[in-house]
Amino acid sequence: MHIVITGATRGIGAGLAAHYRTQGHQVTGTGRSAGADAILDVTQPADHAALAASLGGRAVDLLVCNAGVYLD
């Protein structure tokens, strides 16, 4: 199964990515900085297009939307 997890560089997202990888699943973890499989700032539409292109047509079986925006 191919799983995409947003916000996978720390916290819950990193924990889920590690868990699914140990289960043998293919995981694409996104984050806003180095250390992610794919760079994705969820507030930037161009990043969404870049992520889609980087998947190269690979199907996504599970999407975990863990990243968000906190506007003070």
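A pocket, found on a 1 Å grid over the protein atoms alone, is an open set of points where a 1.4 Å probe fits, with protein on both sides within 12 Å along at least five of seven lines, and its lining residues have an atom within 4 Å of a point. This is a predicted model, in which local features need pLDDT of at least 70 and side-chain atom pairs count only at pLDDT 80 or more, while totals for chains, interfaces and linings use all residues. Residues are numbered from 1 along each chain as its sequence is written, and side-chain values use heavy atoms, leaving out hydrogens and water.

**View 1. The largest pocket and its lining.** Lined by 17 residues, the largest pocket has Gly7, Arg10, Arg32, Ala67 and Gly68 nearest its centre. Its volume is about 310 Å³, counted as the space filled by probe spheres set on the points, which are joined across faces, edges and corners.

View 2. Strand 2 (residues 26-31) is joined to strand 3 by two bridges, and Thr30 has Ala38 as its bridge partner in strand 3.

View 3. Helix 1 (a DSSP run of H or I, at least four residues) covers residues 11-22 and is followed by Gly24, whose phi is positive, near 90°.

Methods. The expected span of a helix is 1.5 Å times one less than its number of residues. Two strands pair if DSSP finds at least two bridges between them.
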